Amino acid sequence: MRILPSSWLIPLLLAIALVLGCGKKDEAAAKAKAATQVAAKVNADEITVHQVNYILARNPNVKPEAAVDAKREILDRLIEQQLAKQEAIESKLDRSPDTLQAIEAARSEILARAYLERFAATQPRPTEEEVKKYYAEHPELFARRRVFSLEEILVAPQEGLAAELREQVAKARSMQDVASWLKSRNAKFAVNSGVRAAEQIPLELLPKLQEMKDGAIRLVEAGDGRVDVIRIVASKPAPVDEATAMPRIQQFLFNQRSREAVAREMKRLKDKAQIAYVGEFAGGAAAAEAKAKAEAEVKAKAIAETTAKEKAEAQARAEELSRARKAAEAKARLEAETKARDTSPKPVQLPHETIEKGVRGLQ
């Protein structure tokens with residue numbers, strides 16, 4: 001065997017030492033990096049920073065200045081969860097039928113939600129023209145937005161009550177009058193009050209409130225037999241300009257578009273799938289569809305009746321105003337004619353003697 005000279009041996013040993021040293025440094029750096037990804041150790045298990053950040057990301061309402069405290073709270077919850085999980089495994093609960101079924105149900109839900117969220121995210125964002133159109137078509141939410149202080153009486157469904165209540169509301173001077181009448185009829189109702197901005201009010205109700213003045217009382221039929229009596233105690237204008245509203249409108253329209261797209265996608269999946277209801281659920285789909293259709297028809301009919309009733313009432317009010325205007329014009333005309341007659345020159349009444357003298361003179 002050839003023996004290397006010492007002049008070769010020393011550099012070789014140094015090179016090996018350097019390589020080994022670098023390897024140890026790289027390994028140490030890797031361990032240090034891995035350690036920085038660990039947020040806590042719970043017995044033999046670890047909770048990572050990624051787990052904490054994932055949960056934090058699912059709570060978008062957390063403000064940046066509160067993120068540190070939120071992370072600590074999330075980590076504490078994860079530690080408690082991990083401890084409980086370890087005890088469950090120790091007790092072999094992970095093998096029980098109920099737990100296995102719950103795990104499978106959670107897995108199915110997570111996978112289904114992941115697919116639908118990804119599908120929804122692929123929908124096109126609303127265009128600037130669509131956003132501006134929505135702003136222009138909903139002044140009650142933006143340009144003429146108001147903040148309402150409301151009093152409400154929520155009346156439970158009762159046969160024949162709505163028509164009579166409408167008459168009472170039309171002549172009521174206060175909500176107390178309405179409540180007293182409902183008590184006399186043994187009607188079930190609840191009283192509520194509060195301050196609500198336009199966007200906190202159902203879209204189908206908002207145009208009706210927008211027409212009302214402060215102090216006005218109105219009955220609103222919900223369509224399911226329930227009626228609400230609403231009084232605007234006070235209101236104040238709080239308009240939102242187009243520039244401020246645009247991102248909100250865009251997000252709203254995108255969410256609406258995504259929901260509609262998801263509904264269409266689910267219908268498509270159902271249509272192409274082979275679905276068979278068996279056992280006690282046989283015929284359930286047809287029955288459910290018929291029930292949904294019947295409920296939709298009832299709701300549509302109720303809305304149509306309410307709209308027709310409101311239109312008839314508006315027409316009756318317009319006719320009453322027209323009759324009152326015509327009566328006022330006729331009265332004004334009559335008074336003007338009477339005044340004109342009273343102010344016209346009257347014939348001069350001559351004394352009787354003067355008339356006789358004049359007659360004798362003519363003879």
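Predicted model: local features only at pLDDT ≥ 70, side-chain atom pairs only at ≥ 80, totals over all residues.
Tutor: Local features need pLDDT of at least 70 and side-chain atom pairs count only at pLDDT 80 or more, while totals for chains, interfaces and linings use all residues. Residues are numbered from 1 along each chain as its sequence is written, and side-chain values use heavy atoms, with hydrogens and water left out.

Student: Why is strand 3 called largely enclosed by the rest of the structure?
Tutor: Strand 3 covers residues 146-155, and seven of its 10 residues are buried, so the description applies. Buried means under 20% relative accessible area, exposed over 50%, and partly exposed in between (1.4 Å probe, protein chains only). Strands (E, at least two residues) and helices (H or I, at least four) are DSSP runs, numbered from the N terminus.

Student: How do you know that strand 3 and strand 6 pair?
Tutor: Two strands pair if DSSP finds at least two bridges between them. Strand 3 and strand 6 (residues 227-237) have 10 bridges, in the antiparallel sense. L150 stands opposite I232 in strand 6.

Student: What makes strand 3 and strand 4 a pair?
Tutor: Nine bridges join strand 3 to strand 4 (residues 189-197), again antiparallel. In strand 4, V195 is the bridge partner of S149.

Student: Why is the contact between E151 and R231 called a salt bridge?
Tutor: The term requires a side-chain nitrogen of Lys or Arg within 4 Å of a carboxyl oxygen of Asp or Glu. For E151 and R231 the N to O distance is 3.5 Å, a salt bridge. The pair links distant parts of the chain, with E151 in strand 3 and R231 in strand 6, 80 residues apart. E151 has 28% relative accessibility and so counts as partly exposed; R231, at 22%, is also partly exposed.

Student: Why is E265 called buried?
Tutor: Its relative accessible area is 6%, so E265 is buried. Its salt-bridge partner is R268, at 2.8 Å, N to O. R268 has a relative accessible area of 40% and is therefore partly exposed.

Student: How many salt bridges does a search of the whole structure find?
Tutor: The search finds 15. A network of salt bridges links E109, R113 and E117.
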